[in-house]
Amino acid sequence: MRIIKYMFLVLTLPLFVVAQQQKQLTIEYCSYDSTEINPKLIEPLGPLFINEEFEALIPVLKEIEACAELINNDFYTTAMESYIAYSYGMLDDLDNMKKHLQIFETKIEEREIETNAKKGLVIELNFLYGEYYRKQRRYERAAAYYQKDIDLMLEQIGVFDGKPMDLSKIGANFSYKTVDVFNNAALAYDYLGDLDKALQLYTIALELEKVNPYNAIQPYAKAILLQNLFRANVLNKDWENADKYHSLTSEALAKTQGSPTYDWTKNLLGKNKAIYLFEKGKLDEGETLAKEVINRSPRGDVAVFSYQTLAEILSKKGEFENALEAIKKADAIAKEYWKDDNRESAKIRMLHGNILKEKKQLDLAIKEYDAGLNILLSKPQNSECSCNDINFENLSAKRLALDILDSKAETLSFAGQHQGAIACYETLHQLLIELQNKYIISEESKYSLAGRSKKFYEDAIIASLEKGDFEKAYQFSQSARSMILLQQMQDRTARRSGIIPEEKLKEGEDIKININDLQKRKERALFENNSDMAQQLEKEIYEASELHDAWIEKLEQSHPQYYQLKYQQPDSDINRLKSHLSRQDIVLIEYFLGEKNLYTFQISSEGLDVKAQKTNDSFISSIKTFHTLVKKPSSQKSDFDQFNKYAFQLYNLLIKPVLPPTSGKRLIIIPDEQLNLIPFEALVTSNKSFDDEFAHYHELDYLGQSFDISYSYSSHLTHLKNKKASQKKLLGIAPSFNREGIQELPNNIREVESAASTYSDTESTLLTNKNATYEQVMHEIKNHRIVHFATHALFNDQLPLESRIELADTAVYIYEIVGLNHSLDAAIMSACETAAGQQRKGEGVISLARAFISSGCPDVTASLWSVSDQKTGMLMEFFHEALSKYENPTIALAKAKRKYMDETISKNMHPFYWAGFIHYTSLSDGASHARPGILHQWWWLILPVILLIVFIAFRKSKN
């Protein structure tokens, strides 16, 4: 708001500098031509405004408003309400601020004001409502109002009509307001936890500052924006960009030396640098800097922030008494500076509680957490706050509330109050969903929050297990798993439910593909150190994201059924899951790899069992070593002995302890983090040793020989099935390549021809050689139930959005797969590393296989590593042979692997050749990918018999 203050001065000082004494209101006094306000009335505004004499300013503003009423000047009558509301806001009189904002809003609607002037007043109204809610620490409401202004600005320069976002036009049309709107919107998203969105907005505000015509504010604006970017990158733990923006802020700050804002900005930057040092573990340096800032600025908001940082540093160092002293000083200054309770008071209560928890004063700590939550709920601080009774609508600063709830739950658990802890974790889970669904917009921020929240869920699992509630522990494990994937799939299901017209869906999907394409180009620009191109693409990404967000908002408003389907909670009924597993004789094994333990959940017809075992660096090392050995086809005895050792060791750790005595033939594995590297089929179930110098891979007892094994991201995916619309079965894709750097595959056409030979001629379509084009694939994939890609694939770890499946003329990228319109029952990717990808904590592997799952394909077969073209063809032939005989893909792939092991020569028995392909399942019924079974084929013979029996029984009953 300091920016507004200086711009107001720039705009009003040229008029007059001497205040006019108030006189009796007459038309002659009020105006100089009977319709325009007398300029002398405005004279006092400049000095009063610059000196922050808001109590004296309000009567002058009201006098001008009264004069405007007298001479029927609707613009001034309306505009003065905005300045009155602003002045009350600066006095922290929020009741009067809101009262005059409501009057301002009514006058905008009712008064006769020229169209362009009215648009400017509406922007001012939204901005002041944003300020009102920001002062209340209700950042979700503040962000919504700032976003309205951003949308209005973009609309007025034609962005929503397809015109590019010209920042100079925004700066020229909306003057100084643009910098404040984008900066304050960024702050609101920052506090909501949407750092990715905040960084976008901060960056655009910085660009707007460069083209802003009001150069008087430029040095201050640049310094404050740069330090905001520094702070956001610190919170995002992006140390490279944090260093960059710290340096740029220091440069910009030096140019403001001697200005009224210099000391405040310098101290704010120092406080944020202390946080930076704390996050990097440089505690002594952070402590020194925080104390320096406090010495320079012993009162005010920066002092509060600095004492908070100092308290956290001292607590981390184990100096609890000093930490308590620091937090008490922060509290005293906050009450003096802000008067009423606010977000900072709530944060102070939480930090105080955290220190008490470290001192083992658990009851006192819980009281502090309750006080913090009550502040955010606008309740008396000294009352108990039950986690069961928290109303999210009344909860300001939801992201902070998440941290307070976590701290309270953990402390209750330490105190042995497990039921209370579980109640807090359940509320925390619901709040996390609320944030993810409604307030955090950018996908990267959702991934980041999902990763950070995994700790919450591990603590919730521990509390549930200590209470003996295994089902609750399992529900928390599920809650931590693939939340974003589930949201994507529910959104897709809602969109494909028939509620929304196809042309409307196409509009949104085209925007999303464009966003991803821009993101891909930005990844490439950053990879090539082309910062100018990356910056330009960032603007285009923001512009396209605004279009997509506006599209989503309209969709949710105009189709309430879509909204309900999109945000409905997945079914967590474990009894229904057990029944489903029991009917198909399946054992489900799910892993949760936490910071403290590995938790293994086993569900079968016999019930639920849970095991917790300590993990260490050796455990993780074993997984990585096994992964290296299994994907390297070595015939060396030393490699074989290592493989045999780790394969048996991991079987004993991961499978043997949780297999029930009468387990079924099928296993579904839900891995977590590093466990995604393991093909469980290749684990060995007995400890065999061999004295000769040969590699006896063919003599080992593999888990895959005893069980049909498939994988899943979450048991919540068990009932998310795709709608079957096509009678055609197989689409085989085997391109040839006439592009530099892509080798031909000598066996890929033979592979799809062999697959097609197992189906009838009417059921299969082959796209081979140059016919396997992007356009043809996109057309045909809608008309088949199974797609088989025999081609090259690439997962790019450094540039994930460049991950792709190669076709004859181009490639289909990972983000395009997610948006595919199809009716597939199964996707088979006979290509390299289609199940490999980035590990995202809480979300699993971001791979090409996951993209197909997200697109609505219930069964996906993919590879963990670079596979052999020739051996893959043999395995795929066996796979389709089984698949065409009415088999479920899980069983078909398991049979194919066993047949391969039975028929191949011993030197090709290394698991590299057969274990790399894994199957992701949705637990669909066993015959879901087959032609109709015998019962369905002969229904027309059986039905008359049933009707005859019913008829005879009916006649007998009548007689």
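Predicted model: local features only at pLDDT ≥ 70, side-chain atom pairs only at ≥ 80, totals over all residues.

Student: Why is Lys237 called partly exposed?

Tutor: Its relative accessibility is 47%. Buried requires under 20% and exposed requires over 50%, so Lys237 with its 47% counts as partly exposed.

Student: What makes the phi of Lys237 worth a remark?

Tutor: Lys237 has a positive phi of about 55° although it is not a glycine. Most residues other than glycine have a negative phi. Lys237 sits in the loop between helix H12 (218-235) and helix H13 (239-254).

Student: How do you know whether Ser378 is buried or exposed?

Tutor: Its relative accessible area is 68%. The cut-off for exposed is over 50%, therefore Ser378 is exposed.

Student: What makes strand E12 largely enclosed by the rest of the structure?

Tutor: Strand E12 covers residues 826-830, and five of the five are buried. Buried means under 20% relative accessible area, so each of those five residues falls under that cut-off.

Student: How do you know that both faces of E12 are covered?

Tutor: On one side are Ala826, Ile828 and Ser830, and on the other are Ala827 and Met829; all of them are buried.

Student: Why are E8 and E12 said to pair?

Tutor: Pairing requires at least two bridges. Five bridges join strand E8 (residues 786-790) to E12, so the pair meets the criterion. The two strands run parallel, and Val787 has Ala827 in E12 as its bridge partner.

Student: How do you know that E12 also pairs with E15?

Tutor: Three bridges join E12 to strand E15 (residues 859-863), and at least two are needed, so the two strands pair. They run parallel. Ala826 stands opposite Asp859 in E15.

Student: What makes E9 and E11 edge strands?

Tutor: The open sheet has three strands in the order E9-E10-E11, with antiparallel pairing. Strand E9 (793-794) and strand E11 (811-813) each pair on one side only, and they are the edge strands.

Student: Why do E9 and E10 count as a pair?

Tutor: Two bridges join E9 to strand E10 (residues 804-806), and the cut-off is at least two, so they pair. They run antiparallel. Leu794 has Arg804 in E10 as its bridge partner.

Methods. Residues numbered from 1 in each chain as written. Heavy atoms only, no water. Helix = DSSP H or I, 4+ residues; strand = E, 2+ residues; numbered from the N terminus. Buried < 20%, exposed > 50% of the residue type's maximum accessible area, 1.4 Å probe, protein only.
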